[in-house]
Amino acid sequence: MGALHQNLPESVRPVVAGRSFPTVAAAGPAAEGALSWRAKPFADHANACRARSPRTTVGSGAASAHGQERGPDGAVNGSRVPPAAEVKPGELVRQTRQVKGLTLAELGKLTGYSGAQVSRFERGITPMTDVDVLRCFADALELPHQAFGLAPPAPRPQTRHGQPIGATSVFPRLPAPRVGAPRWEDGEEPVRRRKLLAGLAATAAAPLLASTTAQADEALLGELLVARLRDAMLGLGAATTAPPEALATDFSRALADFDACRYASLAVRLPRLIRAGHALCGDSDDTTHHALLAKSYLLATRMLVKLDEQQLGWMAADRAWQLAEAAGDILALAESARQMAVLARKAGWHDQALTIALCAADQPQLRDIGRAGTAVRGLLVQSAAYTLARRGDRDGMRELTDEAAAIAKELGEATLLRDHGGGFSPLTVQLHRISAENHAGDPRAALDAARAISLKALPSVERRSRALGDIAVTYDRLGRRSDCVRTLLAAERCAPQETHARPATKALISSLLVSGPTSTELRGLAERSGVLA
């Protein structure tokens, strides 16, 4: 605004001098290495520029001619604010045009009028009393609307990838979390403290005391994982320390456990990683330690989302974000945003989930880090597409899914970012289509998407199990009961711990038991999954 003021002629400056003109501005740059969550508003002025029919008019004569009353601020029906100096609109247009070096014809092209009509406006032959005309010239000449005595325009809806989104702001920043030993009130005896911690540990370990491989225990694996992750995140239990190299190796093994659906092993390894990671970060400012702990929390978030533990999921995703920001890890920040979008969607906050995913996908930092950044953009667009499916917007879902597929095709057939949502490739986008089409209300399209997938080509046991689970849901929605049970049994053979522990699969098995005739196979599956326990 200061530059604009300096460029205006002296006679025009009083119109803008001494005023603050609110504008809808893009967010300033975020901290280096961090994603900005602000969205730039889109402003399309073409329709307003071509509006010629008289509507609400401004000026004292217009107000009295139409019998409109002025408010205390001098506005006509809230549309006009008196200028700081009485400068006729045509004169303001003429002087500003001359300062910018525009001819009448050039300004006419910008506003949609002929050069002759612009001249008539400037000379006052045609009064400039129409609000839309004034807004048009203000936009064309890059003047604030208040320079013509108009109220500032209302913020326009923002769009990303063709979808309207809400306004965003910088994500709340906190110091890197430091979770250590719990603090106790003065006067508590050390013996009582040790007994309480021992009791908590025993409670968490009880389901696996008999056998970590027994089917009865597998049905309780979800509860065990949640309990142990909860305690590790709250700083409860024995402290764990390990050198950085050992933690990096342990994380790779934890990720392998997740991909192979070995949840009994993950229930031991992942909480240990979180405790040791916090101990390491508490003693060091090395950003690589923060990045590793951020990845551990992201893996915990994926597991908690799978187990439908949204409260702890939010806590883990937020910590992942804070740690990734401290480490300056752009990929981990983007994955944190994706997990938050997933959690918002599961909470039924579809508009918010869409805003989070699409704003994160459009961050310029992702375009600066090569193929990995492109892949995470594809994952975020894919997440937004799934949100549209849950909202019932089939066309929007397909449009964004096609966009994700185009990104994947550009990257080639290889699966990238295996530690981010199971990876990204043309094949994983096709897997996404199955569930998205189901939730958008077209199970036949979901079945067509499933037929185009080779299960053996999927990058992990977890992804194959996910595919089988989605196909089982498809058969259930199509009323093909026997095919649904057969597919669930195939999923159990592929990943028994996933099938027995996942709440969504248990809910499907339970609905099959009460919605029709049962078979020996279905009852056996229900028993092994703890549904009949």
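Predicted model: local features only at pLDDT ≥ 70, side-chain atom pairs only at ≥ 80, totals over all residues.
Residues are numbered from 1 along each chain as its sequence is written, and side-chain values use heavy atoms, without hydrogens and water. Local features need pLDDT of at least 70 and side-chain atom pairs count only at pLDDT 80 or more, while totals for chains, interfaces and linings use all residues.

**The pocket**

The largest pocket holds about 1200 Å³ of space. On a 1 Å grid over the protein atoms alone, a pocket is an open set of points with protein on both sides within 12 Å along at least five of seven lines, and lining residues have an atom within 4 Å of a point. The volume is the space filled by probe spheres set on the points, which are joined across faces, edges and corners. The lining has 38 residues, and those closest to the pocket centre are Lys346, Tyr386, Ser435, Arg466 and Arg502. Helix α23 gives the largest share, 8 residues. Helices here are DSSP runs (H or I, at least four residues), numbered from the N terminus. By class, the lining has 12 nonpolar, 12 polar and 14 charged residues. Asp, Glu, Lys and Arg count as charged; Ala, Val, Leu, Ile, Met, Phe, Trp, Tyr, Cys and Pro count as nonpolar; the others, Gly among them, are polar.

In soluble globular proteins, nonpolar side chains tend to be buried together. The largest nonpolar core has 83 residues, and Leu299 is one of those with the most contacts inside it. Another core lies apart from it, with 23 residues, including Ile453 and Leu489. A core is a set of buried Ala, Val, Leu, Ile, Met, Phe, Trp, Tyr and Cys residues joined through side-chain atoms within 4.5 Å.

**Single residues**

Buried means under 20% relative accessible area, exposed over 50%, and partly exposed in between (1.4 Å probe, protein chains only).

| Residue | Relative accessible area | Class |
|---|---|---|
| Cys136 | 0% | buried |
| Cys484 | 0% | buried |
| Cys261 | 4% | buried |
| Glu437 | 7% | buried |
| Asp308 | 42% | partly exposed |

Glu437 lies in helix α21. Its contacts (heavy atoms within 4.5 Å) include Met397, Arg398 and Asp442, leaving aside neighbours within four places in sequence.

Most residues other than glycine have a negative phi. Cys261 has a positive phi of about 60°, and this residue lies in the loop between α12 and α13. Asp308 also has a positive phi, near 60°, and sits in the loop between α14 and α15.

Note on methods. 1 Å grid on protein atoms, 1.4 Å probe; cavity = no way out; pocket = protein on both sides within 12 Å on 5 of 7 lines; lining within 4 Å. Helix = DSSP H or I, 4+ residues; strand = E, 2+ residues; numbered from the N terminus.
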